[in-house]
Amino acid sequence: MKIVSLIPTYKRAHKLPDFIRNHNDTSTESRLLFIVTPQDLESQECLTRLNADYLITDSEYAQSINHGVLHS
């Protein structure tokens, strides 16, 4: 079974490259799935540039996690 780590993020685009690099250097069995809001264009652009998987949702934290579970 593959592990999916759901990562809600908001206006933290500057931290995403290091976070993804660290994950890739230390994990072989999991996949990152970022959850961003429609307004957080900077994170969306960064994740696209880094070829990372992400979902866009305009929900609060708990609903965002549930959305991620349904789509992972």
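Predicted model: local features only at pLDDT ≥ 70, side-chain atom pairs only at ≥ 80, totals over all residues.
A residue counts as buried when its relative accessible area is under 20%.

Let us turn to isoleucine 20. Its relative accessible area is 10%, and therefore isoleucine 20 is buried. This residue belongs to helix α1, which covers residues 16–26. Which residues does isoleucine 20 touch, if we set aside those up to four places away in sequence? They are Leu32, Phe34, Leu47, Leu50 and Ala52. Take alanine 52 from that group: isoleucine 20 and alanine 52 are 32 residues apart along the chain, yet 8.3 Å separates their C-alpha atoms.

Helix α1 packs with helix α2, residues 41–49, at an angle of about 40 degrees, and their axes are 10 Å apart. The angle here is about 40 degrees, so α1 and α2 are oblique to each other. The crossing of α1 past α2 is right-handed. On the α1 side, the contact is made by Leu16, Pro17 and Ile20, while α2 supplies Ser43, Cys46 and Leu47. Sorted by class, this contact has five nonpolar residues, one polar residue and no charged ones.

While we are on α2, I would mention glutamate 42, which lies in that helix. Its relative accessibility is 56%, and so glutamate 42 counts as exposed. The C-alpha atoms of glutamate 42 and tyrosine 10 are separated by 9.4 Å, although these residues are 32 apart along the chain.

My next topic is aromatic rings. How many aromatic pairs does a search of the whole structure find? The search finds one. The partners are phenylalanine 19 and phenylalanine 34, with ring centres 6.0 Å apart and planes at 70 degrees, so the pair is edge-to-face. Phenylalanine 19 is in helix α1 and phenylalanine 34 is in strand β2, residues 30–36; the pair links distant parts of the chain, 15 residues apart. Are these two residues buried or exposed? Phenylalanine 34 counts as buried, at 1% relative accessibility, whereas phenylalanine 19, at 38%, counts as partly exposed.

Strand β2 also contains arginine 31. With a relative accessible area of 27%, arginine 31 is partly exposed. Leaving out residues up to four places away in sequence, arginine 31 touches Lys2, Ile3, Val4, Ser5, His23, Asp53 and Ser72. Arginine 31 and glutamate 60, by comparison, are 29 residues apart in sequence and 22 Å apart in space, C-alpha to C-alpha.

Lysine 11 has a phi near 55 degrees, which is a positive value in a residue other than glycine. Where is lysine 11 found? It is in the loop between β1, residues 3–8, and α1. Lysine 11 is exposed, with a relative accessible area of 51%. Asparagine 51 likewise is not a glycine, and its phi is positive, at about 60 degrees. Asparagine 51 is found in the loop between α2 and β3, residues 54–56. Its relative accessible area is 70%, and asparagine 51 is therefore exposed.

To close, I return to the residue with which we started. Isoleucine 20 is buried, and it is one of the α1 residues that make the contact with α2. Thank you for your attention.

Terms used. Residues numbered from 1 in each chain as written. Heavy atoms only, no water. Helix = DSSP H or I, 4+ residues; strand = E, 2+ residues; numbered from the N terminus. Buried < 20%, exposed > 50% of the residue type's maximum accessible area, 1.4 Å probe, protein only. Contact = heavy atoms within 4.5 Å. Axes fitted to C-alpha atoms, helices over the stretch in contact; angles between N-to-C directions. Parallel < 35°, antiparallel > 145°, perpendicular 65-115°, else oblique. Left-handed = near helix turned anticlockwise from the far one by under 90°. Nonpolar A, V, L, I, M, F, W, Y, C, P; charged D, E, K, R; others polar. Phe/Tyr/Trp six-rings, centres within 6.5 Å; stacked < 30°, edge-to-face > 60°.
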